[in-house]
Amino acid sequence: MTGPGSSGPLPSFPTGGDMLDYLIQSGDISERDGLLATWYHRANGKEEMNKALASDAMILEADVTLEGYGTANEKPIPIMAHPPDIYSDNTLDQWLDAVLASRKGIKLDFKSLGSVGLSLDLLRQKNGSREINRPVWLNADIIQGPNVPDFVPPVNGTSFLQLVQESFPDVTLSLGWKVAYAPPLFNQTYTRHMVEEMFDMIKDVPQKVTLPLHALLARSGWQHISWLLSQSSRFSLTLWQGSTHPTVSDLLFVRDNSHPARVYYDIYEPTLSQFKQAASQQGRLRRFYPGGDLMDFLCQVQDSHTNHQSTVTQHNSLEVQWFTVTERTSLLAQLSDGAGMLVVHVASDSNQPGVPVLEGSEKSSEALTLQDVLQVLGQRADVPWGLHLRIPTLQLLEASLRLLHSAYSREELYRPVWISMEGSQSEDSTNEFVSAVERLFPYVTLVLTEQNWPPVIPATATGLSQRVAVHLNKASLPEGQEVINHLTRLIERYDLLVEEDTRPSAGAFTAFKALMTERRGRTNTNLYVTSAQS
């Protein structure tokens, strides 16, 4: 098989193989980066298909339906047409013959089930007679997504997947949500329920799965999307756009919070070129997701060429500094050195009740407010410090979340934010805590403070998309191997923040810390140690 720009026959390549690996093998790209892959849309009719074949696009996307679909003249012939068109001068059979004479990747989009089985049979026949020798992506919107009414159904996912597994399983599945976007009324984003529905559909399929994601809704739904992406290394994202272009900032946000090989960008010009230029700029500010992994943030800082070099050894969470902020001078001094987490104990301003200030400064004539701290951090966006807010009341929690939301909206909060609600940890108070976070500013890590052993994780916190950290009081840790076993199980699901215990009798925690240190070279640990004063 030869193709435009090729020097000879291309090596054999499985239809279910990785698209980036194929593009590297064919010489189109030099590294595994989804941003380098390029697309051609609706290459359906022969004229448009030929334009696509003559273009520099690496992957051809085309729509398959049945001739005369939904009419009395419907025929069992897959053709290349996008709804509402039901006739075409190009059949799938002809389209495949033309594309297989090139080296372009293939993405076939199905808006209904009628053409799926016949199309899969044709793919199987072509692969048997001449070898397709490139990745094949099969796309269908199988879950009801944002802003789409119930009377507009998606493709039946169960039937679609069954047909694929039975007829032509060696593919990459491109499975999305049926989405509408028409602001200001129809601009809701992806929900936890939507991503859980998708996960239930794809968790057991053997294929690679890429998840088409509306580019204008990705950032606002990132706590759910990032959760889904983290469930399997087989999953990737494909950002797509409608008539409204996404902002470069929103695209950079997705890129800065995902691996380059796990996100494709099916974005139109001129936005795509602007995005590529911005993404390639050395030393630009990383748009870090505040609910992201603290170690990812700190290790990224260590590898960057900034003036602030992290003291955190890569993958060693045990060496993270936790610094309690008490007043402005020490805050500014700390920002000029080191890296880690700034701990802020929030209190209420005695002169303006309900205004969040730093504990100890609330009675001062120059109380340091949480807003002051956020402004300083916004002005020093490059410093490698996250923020841990320890908040005593629901009123202060809500006020703090509003301040965080405001800073984030101004693009002044690209750093990890942890939030804990101190005091009572009853089921009701935890529910209020979680509800307030979800409602006002969900882009955080939630910290559950556990005073007793063994810690009991409330049901409300076990089904969250956000990262959850468990803060253990040193006095609550007994001795024994069972404690180590329990801590090991906890750390598989949560970040773990433990107060340092220097007592000679603190054998269980010392042994557990040693175990995590031994593991450090093979995994990014999420055990953090803080002092009782932090």
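Is Arg219 buried or exposed, and at what relative accessibility? Arg219 counts as buried, because its relative accessibility is 11% (buried means under 20% relative accessible area, exposed over 50%, partly exposed in between, with a 1.4 Å probe and protein chains only).

The legends below describe a predicted model, in which local features need pLDDT of at least 70, side-chain atom pairs count only at pLDDT 80 or more, and totals for chains, interfaces and linings use all residues. Residues are numbered from 1 along each chain as its sequence is written, and side-chain values use heavy atoms, with hydrogens and water left out.

**View 1. Salt bridge of Arg219 with Asp250.** The closest N and O atoms of this pair are 3.2 Å apart (a salt bridge is a side-chain nitrogen of Lys or Arg within 4 Å of a carboxyl oxygen of Asp or Glu). Arg219 sits in the loop between strand S7 (209-214) and helix H7 (222-229), and Asp250 in helix H8 (residues 248-256), 31 residues apart. Helices (H or I, at least four residues) and strands (E, at least two) are DSSP runs, numbered from the N terminus.

**View 2. Salt bridge of Arg287 with Glu411.** The N to O distance is 3.8 Å. Arg287 lies in the loop between helix H9 (271-279) and helix H10 (294-303), and Glu411 in the loop between H13 and strand S14 (417-421), so the pair ties together parts that are 124 residues apart in sequence. Arg287 counts as buried at 18% relative accessibility, whereas Glu411, at 33%, counts as partly exposed.

**View 3. Crossing of helices H3 (residues 92-100) and H4 (residues 116-129).** The two axes come within 11 Å and cross at roughly 35 degrees (axes are lines fitted to C-alpha atoms, for helices over the stretch in contact, and angles run from 0 to 180 degrees between N-to-C directions). Leu92, Asp93, Leu96, Asp97 and Leu100 of H3 make the contact with Ser119, Leu122, Leu123 and Lys126 of H4 (contact means heavy atoms within 4.5 Å). Salt bridges that share partners join Asp93, Asp97, Lys126 and Arg130 into one network.

**View 4. Ile419 in the largest nonpolar core.** This core has 144 residues, and Ile419 is one of those that touch the most other members (a nonpolar core is a set of buried Ala, Val, Leu, Ile, Met, Phe, Trp, Tyr and Cys residues joined through side-chain atoms within 4.5 Å). Helix H13 (residues 394-409) gives the largest share of the core, 6 residues. Not counting residues up to four places away in sequence, Ile419 touches residues including Leu397, Leu401, Leu404 and Phe433.
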